[in-house]
Amino acid sequence: MRSRPQVTGSISARSSRSAAVAAVVASALAAGLLAGATSSAVASSEDDGQPRIHDIQGATRTSPYTGKQVTGVEGIVTGVRSYGSRGFWIQDPQADDDAATSEGVFVFTSSVPTVAVGDAVTVSGLVGEYVPGGLTSGNQSVTQISKPVVTVVSSGNALPEAPRINEYTVPELYAPEGDPAAGGSINGLTLDPYTYALDYYESLEGMNVRIGTSRVVGATDPYSELWVTVKGWENNAKRGGTVYGSYESQNTGRLQIQQLAPVAQQPFPKADVGDRLTGTTEGPLDYNQFGGYTLVARTLGTVQSKGLEREKTKAQKPGELAVATYNVENLDPTDPQEKFDALAKAVVENLASPDILALEEIQDDNGAKNDGTVAAGQTVAKFTDAIKAAGGPAYEWRSVDPENNKDGGEPGGNIRQVFLFNPARVSFTDRDAGGATTATGVVREKGHAQLTHSPGRIDPANAAWEASRKPLAGQFTFRGRPVIVIANHFGSKGGDEGLTSHHQPPARSSEAKRLLQAQAVNTFVKEVLAVQKNANVLVLGDINDFEFSATTEALTDGGALYPAIKSLPRTERYSYVYQGNSQVLDQILTSPAIKNFTYDSVHINAEFADQNSDHDPQVLRFTP
């Protein structure tokens, strides 16, 4: 699960912003993080203290006026934000002839602005570069004028014509390569808006822009925002999304949409992936820490539903074993019964009651209450009862309780993996169940690989699992054939820089831990295969990484495993939608003996505004 702080309205709050700008700028410039033009590059208009907006914006990502007072900056108000990061945008109707310089800028007021759209104003104040999320986030900065003195010259003026963002104006290439001398930053590079998408969007920062009818590629979320693509042909998913299929496929047409009107006054529309935002959507182009460039709509188009339906997988045949994985997003007994019922209904109706179901993010019996409780029997019982009530099998379950607050996740929640299995179809081999710190191993008995502890944990003392979920291994028997299943929930992507980072390529610091985790699981699988070459082994769960990642490569090292999601067409390879990118986080990997199987990423959550979890479950069927 990827989380973010609660915000007011539909825009993230920037508390104490003006007070922090000077310190941020000073330290950033000293570190080279906001390197831009030097004072010698300031236009001659600096001499009279009255630069135009395009002078302030400059031709790089940072203003040549950073840290300077400016007076009498002229512009037309194009948008007013009365909550969250309060302020307004102004735009100079007299544009220069440099495509790299924006004609718009944000004026941060801290209090509710007193100007209105269409006002012609002059602004005096301090120019700065605000970094949403802070300097260590890797995010780009937003040029702004703070501590403003504002004079309204006239009202009711026509707004400057809004440039249209579409498939013809957004370049195909995503970003320039960062400058090695600046730590891989692109901040100091002159913008090339005709070549790079990030440069194009930056050249419009703060300006009034518009899009036409566009396809929704990221459903409306709890923060009143959605994602569209202005490139209807770009890496299309089968069901309407945009597939993130490699680190070089960032999908340049994605754009986040918010609205200026508070949701209490104007409810934000609910949209699912594949719907269309029709008509014209127009407003200032902002940049925030939760997605980068964002069209904050003064005029919002109308959502046209395409009626996307939740998928249902095929039921397994009598001789097939169906194994599934599902991240149930911090499930605990204090959750509403409705959540249990909805998840249970999905298990029965959408997943066709798999024989084995590995669950991730099962919390302990009192959820996030941090009192030392680690048992999860009540959580699981409430879920299995709901499945039975929905017409599903009477699942039994196995797991290993973690040590208190040692496996990461929500403090006090003690999330862990749990096996559910249908005893009418498959049996669990109980064998000296291990504790939280007991490592399971592999022995050979009667020609087959057997776990020394079932259920058991894989290498729990390995530093790779510090503050992270340890893999849960279990041995099952289906029609007399043993099957070893390893349920995982690898470390999250927390700390990684976003695709719009000023570092290009962005830093993916979280990969290092997942790489170690993948190597530990791969080593264990190789130990199983060394004992029994044709052992049926399934490694599954929330891997928290892509099918093309180094994590997945480490899992498959030496041919020990195969990522089954690669058996699907590229247009169907995803289990999660993040910032408008349909991508893989959840996986099932197979050992070489499992040659003939059918795989299904069952899309029931990630593409929808109404979700029971933020992940889509995965199902694999095969004959052992």
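This is a predicted model: local features need pLDDT of at least 70, side-chain atom pairs count only at pLDDT 80 or more; totals for chains, interfaces and linings use all residues.
Residues are numbered from 1 along each chain as its sequence is written, and side-chain values use heavy atoms, with hydrogens and water left out. Local features require pLDDT of at least 70 and side-chain atom pairs count only at pLDDT 80 or more, whereas totals for chains, interfaces and linings use all residues.

An open sheet with mixed pairing is formed by 8 strands in the order β6-β11-β12-β9-β8-β7-β10-β13, where strands are DSSP runs (E, at least two residues) numbered from the N terminus and two strands pair if DSSP finds at least two bridges between them. Because β6 (208-211) and β13 (302-304) each have a single partner strand at the edges, one side of each is left without a neighbour in the sheet. From one strand to the next, the twist averages 45°. Within this order, β7 (residues 214-218) and β10 (residues 276-278) pair in the antiparallel sense over 2 bridges, and the bridge partner of S214 in β10 is L277.

Helices (DSSP runs of H or I, at least four residues) α4 (residues 337-350) and α5 (residues 377-389) pack at an angle of about 55°, with their axes 8 Å apart, the axes being lines fitted to C-alpha atoms over the stretch in contact and the angles running from 0 to 180 degrees between N-to-C directions. The two helices, α4 and α5, are therefore oblique to each other, a class left after angles under 35 degrees (roughly parallel), over 145 (roughly antiparallel) and 65 to 115 (roughly perpendicular). In contact (heavy atoms within 4.5 Å), Q337, F340, D341, L343, A344, V347 and V348 of α4 meet T379, K382, F383, A386 and I387 of α5.
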